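Open the model in your viewer and keep the selection tool at hand. Each stop below tells you what to pick next and what is there.

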Amino acid sequence: MDITDRGFVVTGAARGLGLAIARTLLERGARVMLSDVDGDALVAARETLGHAADRVATAPCNVADEDQVAALFDAAESEMGAVHGVVANAGILRDALLVKSDGKHVTQRMSLQAWQSVIDVNLTGVFLTGREAATRMIEHGEGGVIINVSSISRAGNMGQSNYAAAKAGVVALTTTWAGELARHGIRCNAIAPGVIDTDMVASMKPEARERMISATRVGRLGTPDELADAVRFLIENGFNNGRVLEFDGGMRI
Ligand SMILES: NC(=O)c1ccc[n+]([C@@H]2O[C@H](COP(=O)([O-])OP(=O)(O)OC[C@H]3O[C@@H](n4cnc5c(N)ncnc54)[C@H](O)[C@@H]3O)[C@@H](O)[C@H]2O)c1
């Protein structure tokens with residue numbers, strides 16, 4: 001796919017991986033709608049992209065809210081024209097053990113709120129974003145590409161019942177959509193990052209972070225630019241479809 005002058009929507013784009021992905025797409029000549037639930041950070045992010053200001057638009061959006069997601073795509077179409085790509089990147093962590101005990105008694109449990117908030121953003125948010133993107137792409141009739149951001153935690157990771165379940169669901173959505181949408185010329189891929197150096201990783205418990213780095217064959221965190229380049233490859237190379245790209249520096253946990 002030649003992305004020059006094509007319209008892209010990136011969610012969770014005020015910082016971290018989303019901002020790096022937006023920057024990479026802009027460098028390749030795309031038009032990009034950056035969106036995030038954090039409106040202030042979105043304004044600051046836009047200022048870092050001054051060199052491509054005429055191809056950047058921003059709109060705040062909570063991806064867990066159906067009406068806000070529809071409004072985001074309305075804004076993207078009116079600012080940039082047809083949307084040919086989306087990166088469903090917004091995500092949160094609310095880590096906790098399923099049950100924590102002192103050896104004899106349970107002292108803490110993952111709250112329903114911690115479970116539900118992660119499912120709402122990381123799974124329902126991807127569903128709403130992908131459904132809206134597919135609708136718009138079918139209606140303009142020129143196809144497109146959907147990239148969903150999963151995680152290596154989708155295989156299961158202690159302390160992340162909510163996050164692992166959501167990220168496994170994201171891969172299931174990806175495979176399903178690749179099948180359902182192929183006849184409309186829409187490809188769908190997922191990327192499963194390992195540990196990439198962003199605010200989200202800085203918020204992890206130091207011992208969990210260190211454990212993950214030491215399990216990474218390259219012996220360091222990935223950079224947001226490396227991850228963004230992998231997303232670019234999934235978008236530009238038209239033979240990528242229906243798969244999940246493990247992007248983890250050779251991690252085994
Ligand atoms: N950094 C990593 O190592 C890593 C590893 C695996 C997967 N991921 C995934 O990559 C994605 C980006 O992670 P990151 O490290 O850049 O995180 P980050 O916390 O640095 O950035 C996430 C962004 O999403 C936004 N966001 C949160 N809730 C939102 C909502 N309801 N609607 C819209 N935006 C919302 C935040 O405001 C923030 O700007 C996430 O889906 C995350 O699960 C990250």
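Helices (H or I, at least four residues) and strands (E, at least two) are DSSP runs, numbered from the N terminus. By that count the chain has 8 helices and 9 strands. This is a predicted model: local features need pLDDT of at least 70, side-chain atom pairs count only at pLDDT 80 or more, and totals for chains, interfaces and linings use all residues. Residues are numbered from 1 along each chain as its sequence is written.

**Whole chain**

Select everything. The C-alpha trace spans about 60 × 35 × 35 Å along its principal axes.

Now colour by burial. A residue is buried if 20 or more other C-beta atoms lie within 10 Å of its own, exposed if 12 or fewer, and partly exposed in between; C-beta atoms are placed from the backbone. Of the 253 residues, 43% count as buried. Two residues are in contact if their C-beta atoms, placed from the backbone, lie within 7 Å. Among contacts with a separation of 6 or more, 73% join residues 24 or more positions apart.

**Helix 3**

Select residues 66-80. The expected span of a helix is 1.5 Å times one less than its number of residues. The 15 residues of helix 3 should span 21 Å, and the end C-alpha atoms are 21 Å apart, which agrees. Show the side chains of Val69, Leu72, Phe73, Ala76 and Met80: these are the buried residues of helix 3. Seen down the axis, they fall within an arc of 90°, so they line one face of the helix. The arc is that of the directions from the helix axis to the C-beta atoms. Why does such a face form? An α-helix has 3.6 residues a turn, so residues three or four places apart point the same way.

Turn to the other side of helix 3, where Asp67 and Ser78 are exposed. The buried residues pack against strands 1 (7-10), 2 (31-36), 3 (56-60) and 4 (83-88), and against helix 4. Step past the end to Gly81, which follows helix 3 and has a positive phi, near 90°.

**Helix 5**

Select residues 161-181. Asn162, Tyr163, Ala166, Lys167, Val170, Leu173, Thr174, Trp177 and Leu181 are buried here. They cover an arc of only 120° around the axis, which puts them on the same side of helix 5. Their packing partners are helix 4 (112-140), strand 7 (144-149), strand 8 (186-193) and strand 9 (244-247).

**Ser153 and Val149**

Pick Ser153, in the loop between strand 7 and helix 5. Ser153 is buried, with 23 other C-beta atoms within 10 Å. Leaving out residues up to four places away in sequence, Ser153 touches Gln160, Tyr163, Ala164 and Lys167.

Go back to Val149, in strand 7. Which residue lies 42 residues from Val149 in sequence, yet 5.2 Å away in space, C-alpha to C-alpha? That is Ile191.

**Ligand**

Finish at the ligand. A residue is near it if its C-beta atom, placed from the backbone, lies within 6 Å. Of the 30 residues around the ligand, Gly12, Gly16, Gly91, Thr198 and Met200 come nearest. Helix 1 (16-27), helix 4 and helix 6 (199-202) each supply at least two residues of the shell.
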